[in-house]
Amino acid sequence: MEKLVEVAQMTESALTKKPSEERLSDAEYSILVELVTQMAAAYPHQELGESLEILLRGYEILAIRYGLCRVKNVLQQLLVTPGQKFFPHPSQLAEALQQMVSNEYRQFLKENPYVSCGTCDGGSVILNRDGTPWDHRSREQRYVADCVCRIKWRELARRFKEASS
Ligand SMILES: [Zn+2]
């Protein structure tokens, strides 16, 4: 246990010298170190040694990208995954995090499905070249465009995606 904290501190001091790199806040980093320290006890088959530093760094980058909360959840899931006898490699964690984010997006789409405003044709409107509504009596060429309801919904989905990655 003490060794883990020592390595973590070493990692931290090494990183301080490279301010350009992505880093968690001190408070969040402490939480991550504590989590990994607790987890070490759950993987008695593995001698960590120097590889811990690399693992921690990988976990930290993922925590910055996906959020510490998600990293914590995925690590806990892996803890009870059958056959998982070793500390999860950051790439394995990254895969699980990607899966988690895409599940969240699927769930979002399920809860916020696109609903037509009722005046358009399933999100499409027919316009004249100048953007005014096309009239069937006119002989103008018609253009199909996205209705505002469709544009707004797409924007909502885009913002959700942006906020979650
Ligand atoms: Zn509409």
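This is a predicted model: local features need pLDDT of at least 70, side-chain atom pairs count only at pLDDT 80 or more; totals for chains, interfaces and linings use all residues.
**Exercise 1. How many residues does H4 have, and how far does H4 reach from its first C-alpha to its last?**

Residues are numbered from 1 along each chain as its sequence is written.

Step 1. Helices (H or I, at least four residues) and strands (E, at least two) are DSSP runs, numbered from the N terminus. The chain has 6 helices and 2 strands, in the order α-α-α-α-α-β-β-α from the N terminus on.

Step 2. H4 has 12 residues and reaches 16 Å, close to the 16 Å expected at 1.5 Å a residue. The expected span is 1.5 Å times one less than the number of residues.

**Exercise 2. Find the buried residues of H4 and say where they sit around the axis.**

Step 1. In H4, the buried ones are Leu68, Val71, Val74 and Leu75. They cover an arc of only 125 degrees around the axis, which puts them on the same side of H4. The arc is taken over the directions from the helix axis to the C-beta atoms.

**Exercise 3. Which helices do the buried residues of H5 pack against?**

Step 1. H5 covers residues 90-111, and Leu93, Ala96 and Leu97 are buried in H5. Seen down the axis, the buried residues of H5 fall within an arc of 100 degrees, so they line one face of the helix.

Step 2. Their packing partners are H3 (51-66) and H4 (68-79).

**Exercise 4. Describe how H3 and H5 pack.**

Step 1. Two packed helices are described by the angle between their axes and the distance between the axes. For H3 and H5, the angle is about 15 degrees and the axes are 9 Å apart. That makes H3 roughly parallel to H5, a label for angles under 35 degrees.

Step 2. Look for the residues that meet (in contact means C-beta atoms, placed from the backbone, within 7 Å). Leu55 and Tyr59 are among those in H3, and Leu93 and Val101 are among those in H5.

Conventions: A residue is buried if 20 or more other C-beta atoms lie within 10 Å of its own, exposed if 12 or fewer, and partly exposed in between; C-beta atoms are placed from the backbone. Two residues are in contact if their C-beta atoms, placed from the backbone, lie within 7 Å. Axes are lines fitted to C-alpha atoms, for helices over the stretch in contact, and angles run from 0 to 180 degrees between N-to-C directions. Angles under 35 degrees count as roughly parallel, over 145 as roughly antiparallel, 65 to 115 as roughly perpendicular and the rest as oblique.
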